[in-house]
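Here is a set of questions about labels and the values behind them.

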Amino acid sequence: MAIGGGPGETTPGNGAAPGIEHRDGDERGIGRQGVTRRSALVGGAALVAGAGLLGAAPAYADDPADATRSGSHDLSPRQQAGQRVIWSYPGLTPPQELFDAIRAGLVGGVIFFGENIDRNDRSQIQGVTSALAQAQVDSGIRYPMLIMTDQEGGIVQRLPGAPGISEKQIGESADPVATATSAGTGAAENLLDAGMNCNLAPVLDVYREAGNFDDRFGRSYSMDPAVCGACGAASIVAQQRLGVVTTAKHFPGLGAATRDANTDLGPVTLNLSRSDLRSIDELPFQYAIGAQVDMVMTSWATYPALDPDLPSGLSPSIVQGELRHRLKFRGVTITDAIEAGALDAFGGTGERAVLAAAAGMDILLCSARDVSQGQDAVDALHEAIASRRLNRGQANQALERVIGLRRRLH
């Protein structure tokens, strides 16, 4: 997603998520650091083996059709839809409308960007996250919201402090796996201190050319997929051991995106062979799944070898075929920024939300810093399930995955 604006990333300002390119299989940038593909694979395997997983406001009152509550969670149909939507807001102070929606049980989580955080006063964001958590308690829903941000490291992090070091610096260090573990621990401790419980990181894109989109922002560990996988797994294990939800992104990989490719601004097509996608770009995600990563974020790029028509996050072939069936991922799926320019041909927020849910996305990320966007997504998801445009059984399974994840939070 955008480096500075959307859910999946951020730069000194704002940005977006890219794509993928062909790799010739050499180990440039790895050997001189004393890390070979073999050592990365061994380290990654060891990590995987030892991992383990560690009252409604009037403005949002339910309509009569929601009066009947169903399921083991005692949630109305509209609330069930709301638990799958991440909301956002502008500026340092959350608007009353967001608190009202949370107390009405319509918010699954909140994402923070640089404009929401006073980097010179930690008490500001601590006060905000505390107030949002209290609103969730007031809702009567017995599990926390996902309170998230992008704390990747380098220039892509919202909170000052750890990890500080970028993924590229980690991959080029003398001991990438150990450095990734340290960075992951630091990121988790920083997030928890700020009152957050979810990191939209690590990035598992395998960059193909020096200076391309991922590389110029330091957002990829390496050109070697095994190093990316081992470092990503180390970060995931370190963060999840401290109770922070982690996210591997951007499936099936954006490392081949050219320097100016940006799904936040418009369509990006990555013409990679299915063989390259599976042996290079998807390989780090296998490490992440082995490390029991909580969530996987899909990209908004289009991969003709997997689906000639639909961006990854709208494609059942990619979400359910590649990620669920081929790679056996059983965790939570989350979209990149639903407002991305790459989706301009697919309607507004509501239409995009329903298409993503139909493709198999569990959580919808509304990151335009506009509370009405979150409400539009909830309304559309609720209506599509009620009208059976979306399969109710699949919707219930998505909700169970999301709630199961959040019930593990403190």
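Buried means under 20% relative accessible area. The model is predicted.

Q: Which of the two, Phe213 or Phe217, is buried?
A: Phe213 is buried, and Phe217 is buried as well.

Q: What makes Tyr89 count as buried?
A: Its relative accessibility is 0%. The cut-off is under 20%. Tyr89 therefore counts as buried.

Q: How do you know that Phe112 is buried?
A: Phe112 has a relative accessible area of 0%. That value falls under 20%, so Phe112 is buried.

Q: How many aromatic pairs does the structure hold?
A: It holds three.

Q: Why is the pair of Tyr89 and Phe112 called edge-to-face?
A: The ring centres are 6.1 Å apart, and the planes stand at 90 degrees. A pair needs centres within 6.5 Å, and edge-to-face needs planes over 60 degrees apart. Both conditions hold, so the pair is edge-to-face.

Q: What parts of the chain does this pair link?
A: It links distant parts, 23 residues apart. Tyr89 sits in the loop between β1 and α3. Phe112 sits in the loop between β2 and α4.

Q: Why is the pair of Phe213 and Phe217 called edge-to-face?
A: The centres of these rings lie 5.2 Å apart, with the planes at 70 degrees. The limits are within 6.5 Å for the centres and over 60 degrees for the planes. The pair of Phe213 and Phe217 is therefore edge-to-face.

Q: Where does Arg369 lie?
A: Arg369 lies over the face of Phe113, 3.9 Å from the ring centre. The distance cut-off is within 6 Å.

Q: Which residues of α11 are buried?
A: They are Ile318, Val319, Glu322, Leu323 and Arg324.

Q: Why are these residues on the same side of α11?
A: They cover an arc of only 165 degrees around the axis, which puts them on the same side. In general, an α-helix has 3.6 residues a turn, so residues three or four places apart point the same way.

Q: What follows α11?
A: Lys328 does, and its phi is positive, near 65 degrees.

Q: How many residues has the largest nonpolar core?
A: It has 50. Among those with the most contacts inside it are Trp87, Val107 and Phe112. The largest share, seven residues, comes from α13.

Q: Which residues does the second, separate core include?
A: This core of 42 residues includes Tyr221, Ala230, Leu277 and Leu306.

Technical notes:
Residues numbered from 1 in each chain as written. Predicted model: local features only at pLDDT ≥ 70, side-chain atom pairs only at ≥ 80, totals over all residues. Heavy atoms only, no water. Buried < 20%, exposed > 50% of the residue type's maximum accessible area, 1.4 Å probe, protein only. Helix = DSSP H or I, 4+ residues; strand = E, 2+ residues; numbered from the N terminus. Arc of directions from axis to C-beta. Phe/Tyr/Trp six-rings, centres within 6.5 Å; stacked < 30°, edge-to-face > 60°. Lys NZ or Arg CZ within 6 Å of the ring centre and 35° of its normal. Core = buried A, V, L, I, M, F, W, Y, C linked by side-chain atoms within 4.5 Å.
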